[in-house]
Amino acid sequence: MRSLTIYRLFFTDSKCYHQGTIQAQHGVQVHSTGANNPYLKRYVQPDDGRLGKNIYNNSHNNPKGTVCANAYVGKLQDGTVAVYQTLPWDMRCWLSGQGRNGNGNRMGYIGFEICEDNCENRAYFQEAVMDKAVLLTAYLCQMLNVEPWTVVQETPDGPAYAVMDHISLHNVGCASNHGDIGLWMRKFGMNFEDFRRAVDDALDEGVDVTYIDFERKDAMVPLKKGASGDRVRQLQEMLLQAGMRLPRCGADGQFGHETAAAVLAFQTSCGLPETGVCDESTWQALTAARGNDTGPSSPAVIHSSDAGAPRSAAVAGALQAMRTALETLEDAWKEAQHAAE
Ligand SMILES: [Zn+2]
């Protein structure tokens, strides 16, 4: 029996989780990121004390991004290679894209990403791909009661097996044209058949999984109507700094209709879910809008709706635009990486 630890941290901010499409799963799609960053924190957030913090706020646990996996394999902050489950196993992920014969995501493939490094480090390859990813795949096969070569679907271009990588899914017309993970394996003289064989071997031995659930020690209690106190006052100050208006009550530390309306207006301005409740992501967006973390804000701006305010809103907008542009650029780069082969 081989053993594997899976840290469970669901991407509750992601589009996939919000859509929450539950489907029968028949196999596993294996991907690698195509970018040189082996650290999980790039994709998996929030920080649980093991991952480290992604200061760029561009993880896949993000309502704006489309790409979202059921699990990720990569390095913790301390360099240990670990597995994180980020969506329930029966929830549809978004990884493969569309091919001429179908879309792997919709065909019932649990999907995971392996964080690539520069693809030259054999020790990392062995541990991330040939150990952790193989064990994870074997465990999922065990759960789905399939073997690596079980045929999930016959296509005009050949059989789609239970264990596929992006390139093999593409070859049978069920995914976009990407070279993962085969390209990475080729650097070490292997191909995806070797991966399937390793999964098959692990299945013979059996895989025993221990789950460790994410518990937020700094979990934020959402602020909503009826709340009062210093946290509410801090929220109101940030809203004012972000250019929102509190004409009647100002930063009085009482979360009433006016504060709810200001939270809603702020959420609308940055494309967050419009709830009027200040949750973690709203709080973070407000902090980002305030600029660099400059510590406690000046009390002088409490009742302001002066010239400084629109500028703060403009900064928030510009930050958001930059983030979106960065993501687009990153996607384009990822495409280019794959296209280069
Ligand atoms: Zn892929």
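Let's start with helix α5, residues 192–205. Helix α5 lies across β1 (2–8), β10 and β11, and runs at about 145° to β10. Keep in mind that this is a predicted model.

Now the sheet. Seven strands form an open sheet, and the pairing is mixed. Reading across, the order is β10-β2-β7-β3-β4-β1-β11. What stands at the edges? β10 (163–165) and β11 (207–213) do. Each has a single partner strand, so one side of each is left without a neighbour in the sheet. On average, neighbouring strands here are turned by 25° against each other, direction ignored.

Look at one pair inside that order. Strand β3 covers residues 71–75, and strand β7 covers residues 109–114. The two run parallel, joined by three bridges.

Next, helix α2, residues 122–144. T137 is found there. Is T137 buried or exposed? The cut-off for buried is 20 or more other C-beta atoms within 10 Å. T137 has 27 C-beta neighbours inside 10 Å, so T137 counts as buried. Which residues does T137 touch, leaving out those up to four places away in sequence? V28, V30, V163 and V199. Take V30. In sequence, T137 and V30 are 107 residues apart. In space, their C-alpha atoms are 8.2 Å apart.

Last stop, helix α6, residues 230–241. This helix has 12 residues. From first C-alpha to last, α6 reaches 16 Å, close to the 16 Å expected at 1.5 Å a residue. Its buried residues are V232, L235, Q236, E237, M238, L239, L240 and Q241. Just after α6 comes G243, with a positive phi of about 90°.

Key:
Residues numbered from 1 in each chain as written. Predicted model: local features only at pLDDT ≥ 70, side-chain atom pairs only at ≥ 80, totals over all residues. Helix = DSSP H or I, 4+ residues; strand = E, 2+ residues; numbered from the N terminus. Expected span 1.5 Å × (residues − 1). Buried ≥ 20, exposed ≤ 12 C-beta atoms within 10 Å, placed from the backbone. Pairing = 2+ DSSP bridges. Axes fitted to C-alpha atoms, helices over the stretch in contact; angles between N-to-C directions. Contact = placed C-beta atoms within 7 Å.
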